[in-house]
Amino acid sequence: MPARGSKPSADRASEKAKAGTPEAAPAITRCDGVLFKRSLHGSLAWLAANRDKVNELNVFPVPDGDTGTNMLLTLEAAVDEMGEEDNSDLSAVAGKVAHGALMGARGNSGVILSQVLRGFAVGVGDRSSVDCLGLAQAFAEATTVAYKGVTKPTEGTILTVARRVSEAAAARAETTDDIGDLIQHVVTAAQRAVDETPGQLAVLREAGVVDAGGYGLMVILEGFLKTVRGQDVQAQAAARSAAQAARPAAAVAATAPKVGAHALATPEEGWGFCTEFLIEKPSQPFEVVREKLTPMGNSAVIVGDDSLVRVHIHTLDPGGLIAHATAYGPLQKLKVEDMTQQHHEILSREPVAADAGEPASEAPVAAASNGTNGHAAVSTGNVGVVAVAVGDGFRRIFEDLGAGVVEGGQTMNPSTEDLLQAVEAANSDFVIILPNNKNVIMTAQQVGDLCAKEVKVVPSRTVPQGISALLNLDPDGGLDANATAMTSALDGIHTIEITRAVRSTSVDGLKIKDGDVIALVNGKIQKAGSEHAEVIDGAMDALGTDGLELVTIYAGADVSEAEAAAIAEHVQERFPKLSVDQQRGEQDHYPYILSLE
Amino acid sequence: MTRLVVDSTCDLPTDQMDALGIVMVPLQVHFGDESFKDKIEMDTDAFFDRLDTVTKLPTTSQPSPGQFIEAYEAIPESEPIISIHIAEQLSGTVQSARLAAKQLTGRDIRVIDSGSVTWGAGLLTMVAADAIKEGLDADAVEAAVMEAKPRVRMVAILDTLKYAIMGGRVSKVQGAIGSMLRVKPLMAIQDGVITRLAPARTWGQGYQKAVDDIKEHGGPERLAVIHARAPEAMKDLKQILEKEFGGEIQEGTIGAVVGTYAGPGAAAVAYIGKKAG
């Protein structure tokens, strides 16, 4: 039975429900298709409720965190595949789940999740139900398949969480017949593994977040556990969604990351008081303030620098915290919220809250259908090309160059199925996919196995890279020769992406403030500042323009013609040796994307 | 000794032709109602100056068979003639030459379609000139030319497809592809067939594509760089080719006939590859 200190979930409702579980309900000793289906529905609801939190666990403070959305849409496709009717045969249900996930996989984390679910189905084999040992075997196979699905498995990610889960399952299955107990241990292991990810990956440590994919997997397992424990996950999810909606938007962006991780991982202190404040010009260095305040509560997110510290802590004793913090300077924008109270209010409005929760699981459906309008790839001679792009301008450019365009990119990664449809619509049996985003590459790589056509992925990580690759398509060439030539064209292009930071952080020693204009040079944050022109100059200097001839400036959807022209003129003046080509990409979130070659 | 006859589109420099005793028959260039004998009444610089000022593209017309008869008859009867010309797909010049040759019964005239143009035809002419210098007879010279002909290739880096489209050398549909971005179209010609290659966005990319193209065809046996109002680009291209392949690289200009379609701001490499590919 579960140890007292390792409860999975952050709300009191689950506390109560759990307290009497072993005595009140007979232990469930087998997992069949019906239980698995119900549990996955629970996972889906819980993930939907926690989607924003997962999205916000982004290493870069760029406004395109979408791990939560990707995992949710992937899981949703898996759940949908199970259909309305119950089927007690676990092997049949798990098989459907694996297929649905594979088709619906979006983003890297979605693809890995689909591999986890596929491995689970493989582990179940032809068994119509499994006991704890069988479940542990399925978890083990899930981990194996997931690791195999990644070219270079990295620890400190969803893979690590999957592995720790399967190890915990294997260990616990030796001593328990109770599925609930097994999953309880699995969830505890997942929480620990998630908490430890910053210790394994420096980028997470620096950004002050836990791994988003791993966190997402933990949430899925929590949803599973809640169902097995007989809790009303839908209601809890609705309450969670409502609680999130109640938080001020700024606080979400600035403080969300560790709220998720720690609220769930350390529920024994209850909800307490969500306490937030700023300390301007603290009397002690930032690091000292963070070190001193962090142990005073849970879910501490303390960010900033020596001139401004933003503090977010959940504590049972806000008075003590405030008294302590004032030692470092006067507190500004102080806000203390009684989360227990808030939570109870939400629970007491349950019918309303349940309704409010619906959109959390409905919204992605609408979004998904937006994302699936894959257009037929126009065949250019022997080889068709499918390109992923967001923004009407980029769509026109890709279509102009003869590619079929699948809507997607930074904030809405297309699913395997979206890409598959576009590939099948291509007027050629040989198709090249340009993912144009690092989070779409793995999804694209799934397509070849699912279709009769010959498919190659040219792993373009940015839209300019994709355009460059497409320009190198030889209309008379074959698939392999084109894929090779197009892939080698990727290296000749430098990409600068200009966006705005959505939280304060530091990356590679570069201090970034919430709202700063930031430049990613070939995917790495290199420059922060307040003006577009200044940041573009800095990014181009950092890149070095010797030997380059042409800069193409793609203006975003929110940039006016006049602004774009002014930036183009500025760049031309500042870098007189370069030719400047001014285009409209009409992309979201990124006012400017520059391609240098 | 075998003598060589060419047309003005081969773009070999006049002094080089004179030194080798090559006879050149000019095409006609028409700006509106005005007509000029290519290279004779209008040199390449004058042509591009004029091209800058017009809204309607000039046209060109093949030499008449009569012009070829005159040229052939100017060569002593005892000397066999090898007559090398612009690809039949691009101009009726070779037809005129054939008609002229047929009319001059009893003369040994071998008319050869180079399958190329400008320095592509020029390099093929140099194969013949070198074979003659080596003392080979007309049959052997013709054989050397025919052997090299399939390996003659040109890759041109254009500033725009506008002139090629206006001149009817590229369809509007084909020309429209990639027109949103600023690109440098690349065209290749081999064995009379014009193909559009993947475009470049910068000169540097264009040069690299030219280098790759030559490598794909086994490296160069003969090599020339040419330009239409882009001497700097030609020099840069030459430098890169020298570094890559070494050996002698000739420099030349693209004349009026091809210049009409390539437009100003074009650089090209003409070469005879070691393999046909």
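This is a predicted model: local features need pLDDT of at least 70, side-chain atom pairs count only at pLDDT 80 or more; totals for chains, interfaces and linings use all residues.

Visitor: What should I look for in the phi angles of the backbone?

Guide: Most residues other than glycine have a negative phi. Against that background, Lys39(B) has a phi near 70°, a positive value in a residue other than glycine, and Thr118(B) also has a positive phi, near 40°.

Visitor: Where in chain B do Lys39(B) and Thr118(B) lie?

Guide: Lys39(B) is found in the loop between β4 (34-37) and α2 (44-53) of chain B, while Thr118(B) lies in the loop between β7 (109-113) and α5 (119-133) of that chain.

Visitor: Is Lys39(B) buried or exposed, and why?

Guide: A residue counts as buried if 20 or more other C-beta atoms lie within 10 Å of its own. Lys39(B) is buried because it has 23 C-beta neighbours inside 10 Å, and Thr118(B) is buried because 29 other C-beta atoms lie within 10 Å.

Visitor: How many residues does each chain bring to the contact, and which elements of chain B take part?

Guide: The contact takes 16 residues from chain B and 16 residues from chain A. On the side of chain B that touches chain A, the elements giving two or more residues are β10 (193-200) and α9 (203-216), and the largest share, four residues, comes from β10(B).

Visitor: What kinds of residues make up that side of chain B?

Guide: The side of chain B that touches chain A has eight nonpolar, six polar and two charged residues.

Note on methods. Residues are numbered from 1 along each chain as its sequence is written. Chains are lettered from A and ligands numbered from 1 in the order in which they are written. A residue is buried if 20 or more other C-beta atoms lie within 10 Å of its own, exposed if 12 or fewer, and partly exposed in between; C-beta atoms are placed from the backbone. Two residues are in contact if their C-beta atoms, placed from the backbone, lie within 7 Å. Ala, Val, Leu, Ile, Met, Phe, Trp, Tyr, Cys and Pro count as nonpolar, Asp, Glu, Lys and Arg as charged, and the others, Gly among them, as polar.
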